[in-house]
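Here's a quick walk through this model, from the overall layout down to a couple of individual residues. Keep the structure open while you read.

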Amino acid sequence: MQGKILSTQLISGDDGKRYEYDKNDVVNLGDKDLAVLTGSQVEFVSFDERVAKSIYIINENVNVSGILSADRIRPARTMALWGIGLEFFSCIPYIGENIKLIIGIASFVLYSMAIYSVSKAAASKSLFKNYITAVISGFLGVFLFVLAIRLLGSSEHVGVGASMIAVLLLGGIIALIVAIYFYKIHAELARLSGSSLFLWSFWIFVVSVPLYFVFGIFVEFAEIITSLASAVSIIAWVLLFIAWWRFKKLEKR
């Protein structure tokens, strides 16, 4: 028999009757949370008129309004806000480089945990995977950028120019990949939260990144370019902070 999940304990059968069930009888549930699967189509066996057994989910329906309730989103939001806050704190002048490194690592870990928590709460198969792909690609892109700057500084050597062009082309491809995956991340966060600020933050970051590359090429304007890039980045970070803060509005659903 087929039916639809009404709650974590009740199924509505196609015969018009309602059946109680235990989550342990959902054969292909895996690590999913039944609370987010309200409305999913199931197939089951009933040995009487009240209890469903051997339940298979045949058409999964993720209930966004249920997945991001207060008890689910609050920890993720807190970790994200702390991660962003620490990133701001690391920009304070006169802080030692070792302290900045520790703060930066803590910020990255907290924000990564926030993305992972939202991914699990939303039963998303793509959010955290896209995040990891973007991060790994981003680190590779930074490495290639530093390599290009060093090659530029030693351009008097034969063959360095061609090598630098190859590195820059590869770096450009990686930067495009990073941008695509970060767009997917922010678009999904915007969809789950209902806040377009996640996308606004992304697009402003996109504007700021090329400015740092320009800084590496036009050294004589380094101070002006870096100041402009920093200002644009701060705006993006502030919008991202507000976007995460506004996640709490979903608690009223």
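## The overall layout

Helices here are DSSP runs of H or I with at least four residues, strands are DSSP runs of E with at least two, and both are numbered from the N terminus. By that count, the protein has 7 helices and 5 strands. Reading from the N terminus, the order is β-β-β-β-β-α-α-α-α-α-α-α.

Before going further, a word on where the values come from. This is a predicted model, in which local features need pLDDT of at least 70 and side-chain atom pairs count only at pLDDT 80 or more, while totals for chains, interfaces and linings use all residues. Residues are numbered from 1 along each chain as its sequence is written, and side-chain values use heavy atoms, with hydrogens and water left out.

## Burial, contacts and surface

How much of the protein is buried? Of its 253 residues, 34% count as buried, where buried means under 20% relative accessible area, exposed means over 50%, and partly exposed is in between (1.4 Å probe, protein chains only).

A contact means heavy atoms within 4.5 Å. Take the contacts between residues at least 6 apart in sequence: 61% of them join residues at least 24 apart. As for the surface, the protein exposes about 14,700 Å², and carbon and sulfur atoms supply 66% of that. These areas come from the Shrake-Rupley method with a 1.4 Å probe; for residues, only the protein chains shown count as cover.

## Strand E1 and its partners

Two strands pair if DSSP finds at least two bridges between them. Strand E1 (residues 2-5) runs antiparallel to E4, and 3 bridges join them; Gln2 has Glu43 in E4 as its bridge partner.

E1 also pairs with strand E2 (residues 10-13), again in the antiparallel sense and over 3 bridges. Here Ile5 stands opposite Ile11 in E2. E1 and E2 make a hairpin, with 4 residues between them.

Arg50 sits in the loop between strand E4 (41-46) and E5. It counts as exposed because its relative accessibility is 56%. Leaving aside residues up to four places away in sequence, Arg50 touches Arg18, Tyr19 and Glu20. Glu20 is 30 residues from Arg50 along the chain, yet their C-alpha atoms are separated by 5.9 Å.

Ser54 lies in strand E5 (residues 52-59). With a relative accessible area of 38%, Ser54 is partly exposed. Have a look at its backbone too: phi of Ser54 is near 50°, a positive value in a residue other than glycine.
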